[in-house]
Amino acid sequence: MSITDVKDPLSRCFALPRQLVKSVEIEGKGNQLLLEILVKVRSNSINPIIITEIPFQQKFAYKFRKLELNQISEYLHAIWSLYRHDKDSKARSERVIKEQEKHTSVPFLSKTARFFTVGASGLALNYVVSFLLSNVISNMWYIQAAGIGIVMSVHTNFVLNKIWTFEDRNFTLRHVIKQYFSFLALCAFGALIQLSLAYVFFEHWHIHYAISLMLAVTIASMSNFLLNKKITFGEKIWE
Amino acid sequence: MKILIRYRTEIILNSMLNLQDNNVTVNSQILGSPALSIILPTQHDNPAYQSPEDIKKIIPKGITFEIIVAHYDTDISRTTTDAFSKVPNDPDKVYDDTGYKFKDRVSHFEVKGSFISAILKGMQLSTGQFILVMDADFPYPKIITSKLIGELIKNPNSIIVASRYTKGASLHNLPFLRRLISMGARQ
């Protein structure tokens, strides 16, 4: 149960471990101790606080004291201070998260490096398989051999990227199939980008073929990485 | 056999209540500190519904406890208070230098101030690893104390609240303004 779900935050009967309030400064404004404890303990704690409410039935009538104006005013002031306290602590924790996010360039670079390493391993596998099928194991037509090489490298790339690059440990069938088809679609899209760019660089801008190809491969690989990161593996782009 | 069972229950319950910090537990046990401190704030001119003697009977056997009755008086201008009027006139009661009275795990003290100052002072004076606060001037059903303690044993890291508004609760004569204030706090 979260603090906002507590039905009776003004209860005058509650129990708690001393450790929870040890590091909390209780001011006692507005005469509502439990509410203050709940708000301050929550903003002070990293883990969610477990709150259990036990209903009780009042067996006989009780004459409540009439609330005086200064009590109401103190209470409203306390509520406002607690609201500000909660808001400030939320803002503080958001600032900390943002600070942490600023330092995420290392994981991003590390993932990029892993993705390109996997890509290089796919290229090597593609070459070896194509070579073996067309020259050593059989005399397969080189286009067929290259096709088998591509299929194999795409699959090993998918597995390696899932497990190693993005460290995704969700192996439920539905999730993996979804990722698999997304990965295939993005590979096809990457190939299309690569071919289109190589064509534009070489045919229209008259850049040297080797440089055109290198540029096209770099841009397509980077877009492939970012799209797979976002779409296939559901990560933030710059994380 | 009966003694053995009681002894074992005592160990289990205390160890359940002392899960927080082993070093503190050991020290507390050496120093004789209780696992549970029950703080009962009571206004000097209100009839107290929760008496330490009744609460003592409800606390599950084996749980070490102390009861702190905090008598508060909101009228600061009043020079003499009747704060201790509700303390039973027991010839065996003991006064220390600070004016507190201790007897059989129950202590009384007085505070010039509000309900909350009484609780805060009570918390300050208490030594238990767990704190149970209960407005002594409200007619809580007797069973609520044992329910709170039972829940605390089950979840020693949680806050247990005796609720007037959760499902299964009922309350009589709560004035509209108080009900409105409670509703406002929940937002």
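Student: Which hand is the crossing where α6(A) passes α7(A), left or right?

Tutor: Right-handed: the near helix is turned clockwise from the far one by less than a right angle. Helices here are DSSP runs of H or I, at least four residues, numbered from the N terminus. The model is predicted, and local features need pLDDT of at least 70, side-chain atom pairs 80 or more, while totals for chains, interfaces and linings use all residues. Residues are numbered from 1 along each chain, with chains lettered from A and ligands numbered from 1 as written.

Student: Where are those two helices, and at what angle do they cross?

Tutor: In chain A, α6 covers residues 173-204 and α7 covers residues 209-232. Their axes (fitted to C-alpha atoms over the stretch in contact, N-to-C angles from 0 to 180 degrees) come within 8 Å and cross at roughly 155 degrees. α6(A) and α7(A) are therefore roughly antiparallel, the word for angles over 145.

Student: What kinds of residues make up the contact of α6(A) with α7(A)?

Tutor: 17 nonpolar, nine polar and no charged. Asp, Glu, Lys and Arg count as charged; Ala, Val, Leu, Ile, Met, Phe, Trp, Tyr, Cys and Pro as nonpolar; the others as polar.

Student: New topic. How many residues of chain B are in contact with chain A?

Tutor: 53, and they meet 41 residues of chain A. Contact means C-beta atoms, placed from the backbone, within 7 Å.

Student: Which element gives the largest share on the chain B side?

Tutor: α6(B), with seven residues. That side of chain B has 29 nonpolar, 16 polar and eight charged residues.

Student: What does A:Phe14 touch?

Tutor: Leaving out residues up to four places away in sequence, A:Phe14 touches A:Leu34 in chain A. In chain B, A:Phe14 touches B:Val133, B:Ile159, B:Ile160, B:Val161 and B:Ala162.

Note on methods
Angles under 35 degrees count as roughly parallel, over 145 as roughly antiparallel, 65 to 115 as roughly perpendicular and the rest as oblique. Two residues are in contact if their C-beta atoms, placed from the backbone, lie within 7 Å.
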